[in-house]
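The following exercises concern a single protein chain. Please consult the sequence and the structure while working through each solution.

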Amino acid sequence: MAGKPKLYYFDGRGKMESIRWLLAAAGVEFEEEFLETREQYEKLLQGGSLLFQQVPMVEIDGMKMVQTRAILNYIAGKYSLYGKDLKERALIDMYVGGTDDLMGFILMFPFLSAEDKEKQRAVIVQKATSRYFPAYEKILKDHGQDFLVGNNFSWADVHLLEAILMVEEKKSDVLSGFPQLQAFKARISNIPTIKKFLEPGSQRKPVPDDKYVETVRRVLRMYYDVKAN
């Protein structure tokens with residue numbers, strides 16, 4: 001019997017958070033090893049565990065997987081969250097890609113200066129409400145189903161809920177003009193595995209704080225300033 005997947009990353013969101021979300025949605029228990037020192041990171045490098053010299057890295061089914069999208073593809077396929085045919089998979093890829101674009105505006109937010117954070121907050125809300133949320137609102141309205149693809153729960157639904165909650169952290173009423181997405185958020189949040197992940201004490205990570213930023217900078221030797229998009 002295969003052991004639990006093991007995740008190697010920082011004790012924070014970053015690129016690993018979507019992997020945590022997808023495993024949790026699939027009802028899969030996982031372990032984590034948090035990188036806190038440069039020495040830990042260099043040990044992974046020297047041991048050949050990081051193919052492209054970067055994290056996230058996930059040990060699963062005898063593999064040491066890197067590249068976030070490859071990891072997510074594998075988990076989605078393994079746990080039947082990737083559609084029933086090639087067409088559905090293409091739609092899931094397309095919707096996940098759009099959500100990834102939105103998340104990209106948020107990923108580096110913790111590393112910005114205070115001044116740039118305020119500028120970026122406005123950019124995030126503007127992009128969400130003028131480009132991305134209208135698209136998903138239309139998808140849900142046009143097909144009248146509970147889920148984004150094939151009326152079955154998929155990776156696309158998990159990813160979108162994660163993005164919605166991230167944007168709401170920047171502006172709590174951001175869904176006020178999107179009734180379909182409000183209903184979607186309520187539905188997906190109440191799926192048992194998702195509901196469990198959203199409860200206190202789960203492996204879901206909080207909004208990144210200064211400690212997380214300092215740890216990432218130290219381990220990866222990020223000495224440059226991140227600029228807003």
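This is a predicted model: local features need pLDDT of at least 70, side-chain atom pairs count only at pLDDT 80 or more; totals for chains, interfaces and linings use all residues.

**Exercise 1.** State how many cavities of 30 Å³ or more the structure holds, and identify which element gives the largest share of the lining of the largest cavity.

*Solution.* 
Step 1. One cavity of 30 Å³ or more is present, and the volume of the largest cavity is about 40 Å³.
Step 2. Two or more residues of its lining come from each of α1 (17-25) and α6 (155-170).
Step 3. Helix α6 gives the largest share, namely four residues.
Step 4. Turn to the domains: domain 1 (6-79 + 198-220) and domain 2 (86-191) each contribute at least three residues to this lining.

**Exercise 2.** Describe the largest pocket by its volume, its lining and the domains that contribute to that lining.

*Solution.* 
Step 1. The volume of the largest pocket is about 900 Å³.
Step 2. Its lining comprises 42 residues, of which Y9, G14, K15, L107 and M108 are the closest to the centre.
Step 3. By class, 24 of the lining residues are nonpolar, seven are polar and 11 are charged.
Step 4. At least two lining residues are supplied by each of α1, α3 (68-78), α4 (86-107), α6 and α9 (210-220).
Step 5. Domain 1 (6-79 + 198-220) and domain 2 (86-191) each provide at least three residues of the pocket lining.

**Exercise 3.** Locate E32 and find which side chains are joined to the side chain of E32 by polar contacts of 2.8 Å and 3.2 Å.

*Solution.* 
Step 1. E32 lies in strand β2 (residues 31-34).
Step 2. Beyond its neighbours within four places in sequence, E32 is in contact with L7, R20, Q203 and K205.
Step 3. The side chain of R20 forms the polar contact of 2.8 Å with that of E32, and the side chain of K205 forms the one of 3.2 Å.

**Exercise 4.** Find the helix and strand content of residues 85-209.

*Solution.* 
Step 1. According to an unreviewed UniProt entry, these residues are annotated as "domain: GST C-terminal".
Step 2. Over residues 85-209 the chain is 69% helix and 0% strand.
Step 3. The C-alpha atoms at the ends of this stretch are 41 Å apart.

Conventions
Residues are numbered from 1 along each chain as its sequence is written. Side-chain values use heavy atoms; hydrogens and water are left out. UniProt positions are given in the numbering used here, feature names are shortened, and annotations may be inferred rather than shown by experiment. A polar contact is a pair of N or O atoms within 3.5 Å; within protein, one must be able to donate a hydrogen and the other to accept it, and residues adjacent in sequence count only if both atoms are side-chain atoms. Contact means heavy atoms within 4.5 Å. On a 1 Å grid over the protein atoms alone, a cavity is a set of points where a 1.4 Å probe fits but cannot get out, and a pocket is an open set with protein on both sides within 12 Å along at least five of seven lines; lining residues have an atom within 4 Å of a point. Grid points are joined across faces, edges and corners, and a volume is the space filled by probe spheres set on the points. Domain bounds come from an automatic or database domain assignment. Ala, Val, Leu, Ile, Met, Phe, Trp, Tyr, Cys and Pro count as nonpolar, Asp, Glu, Lys and Arg as charged, and the others, Gly among them, as polar.
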